[in-house]
Amino acid sequence: MGENARRKQAVAAARKLGVDALLVTHLPDVRWLCGFTGSNAAVVVPVGSRFRPILVTDGRYTAQAKAEAAGLKVVIAPKSAAIAACEWMAQAGLKRCGFDEGNTTVAALKQMQAAVPAKLRRSMFQPVGALVSTLRWIKDADEIGKMRDAAALGCRLFDDIFEHIVPGATEAEVALALEYKAKLAGATEMSFPSIVASGPRSSLPHGRASSAKLPSRGFVTLDFGVVLDGYCSDMTRTVHLGKATAEEQRVYEAVLEAQETAVAAVRAGVTGGDVDEAARSVLRRAKLDKWFTHSTGHGVGLEIHEGPRLAAKQTQKLEAGMVVTIEPGVYIPGRFGVRIEDMVLVTKTGAEILTPSTKAWIQL
Ligand code: ZN
Ligand code: ZN
């Protein structure tokens with residue numbers, strides 16, 4: 001199931017915009033529309049029924065394209081897939097194609113225009129924004145299954161990492177242990193360079209694992225994800241090495257309360273801004289909000305950062321089937337930081353947590 005219904009959605013959205021085809025070159029969109037996972041691809045989805053959708057790729061991918069993109073006509077071209085797709089559209093008599101200007105360089109657009117007859121150059125390419133990427137925000141049953149599996153693997157990795165979190169080990173060693181276990185368990189890669197930020201480095205919201213040694217006392221923030229069957233997971237837990245101060249415990253409890261309050265605010269119909277405010281208001285009451293310096297969350301799927309954004313003043317409403325992160329944090333510069341992040345599935349009535357590893361205080 002899946003891709004055929006997704007192409008129908010894309011056609012319906014394109015028809016409303018008055019274009020007679022969509023040219024899709026952003027690779028996660030290509031994968032979503034037809035299942036193809038190669039690194040050079042363009043898909044043309046015609047709005048009318050005169051043509052089947054086509055997948056253009058190059059000779060390295062002939063067999064793979066036919067196997068993965070069943071239902072599409074595969075065109076092999078020894079040049080840029082986008083340019084070959086434009087030539088095909090012009091020959092097929094298509095006059096107005098929608099493309100995602102946010103994922104097309106100026107240079108690529110010039111080449112695309114040069115690939116069609118001069119009289120079509122102005123009218124052919126209609127910017128339609130992130131039309132397909134936006135459709136991807138709402139996951140179908142097949143995708144939700146894959147995201148559950150990716151998130152569950154992330155949890156198993158976290159639950160199994162404590163023996164590596166010892167004073168004197170480097171952050172890089174902890175990250176490597178996570179990644180080694182992830183690959184053994186079938187992950188193709190990590191969703192992003194793992195964050196292992198210890199001691200004062202935990203006050204860096206994006207402290208990539210470094211050669212810093214874990215201290216005998218202090219926080220260790222782990223923010224990581226795996227890619228499993230194309231889908232990303234994303235979770236953060238913060239643990240403490242040695243005896244904590246009362247202030248460290250107070251900050252942890254406040255971040256946890258903010259995170260749980262925001263998760264409880266999630267359901268179809270609320271806005272990204274509502275969820276952000278739910279987290280921020282808890283930290284405001286604790287007089288910690290000035291240290292919460294990023295947004296509360298983001299969509300996740302084939303890409304690690306997708307829409308919708310869960311941030312101040314975001315009016316985009318959440319819908320059932322979206323998968324978003326809820327990840328408030330407090331970062332006191334030069335001293336310490338705490339972040340707690342879950343991936344949740346938005347439902348009509350609430351949120352289902354896909355990353356159920358414990359969020360209780362962990363002291364190692
Ligand atoms: Zn994360
Ligand atoms: Zn995240």
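1. Donors here are N, O and S atoms within 2.8 Å of the metal (3.2 Å for Na, K and Ca), and sites may look incomplete since water is not among the atoms. Please keep in mind that this is a predicted model, where local features need pLDDT of at least 70, side-chain atom pairs count only at pLDDT 80 or more, and totals for chains, interfaces and linings use all residues. Residues are numbered from 1 along each chain as its sequence is written, chains are lettered from A and ligands numbered from 1 in the order in which they are written, and side-chain values use heavy atoms, without hydrogens and water.

2. Next, the neighbouring ion: the zinc ion (ligand 1) is 3.1 Å from the zinc ion (ligand 2), and Asp234 coordinates both. Asp234 and Glu327 are both buried (under 20% relative accessible area; exposed is over 50%, partly exposed in between; 1.4 Å probe, protein chains only).

3. Now the salt bridges, of which the structure holds 21 (a side-chain nitrogen of Lys or Arg within 4 Å of a carboxyl oxygen of Asp or Glu). One of them joins Glu303 and Arg136 at 2.7 Å, N to O. Glu303 is partly exposed at 23% relative accessible area, whereas Arg136 is buried at 2%.

4. Another salt bridge pairs Asp342 with Arg237 at 2.9 Å, N to O. Asp342 is buried, with 0% relative accessibility, and Arg237 is buried too, with a relative accessible area of 2%.
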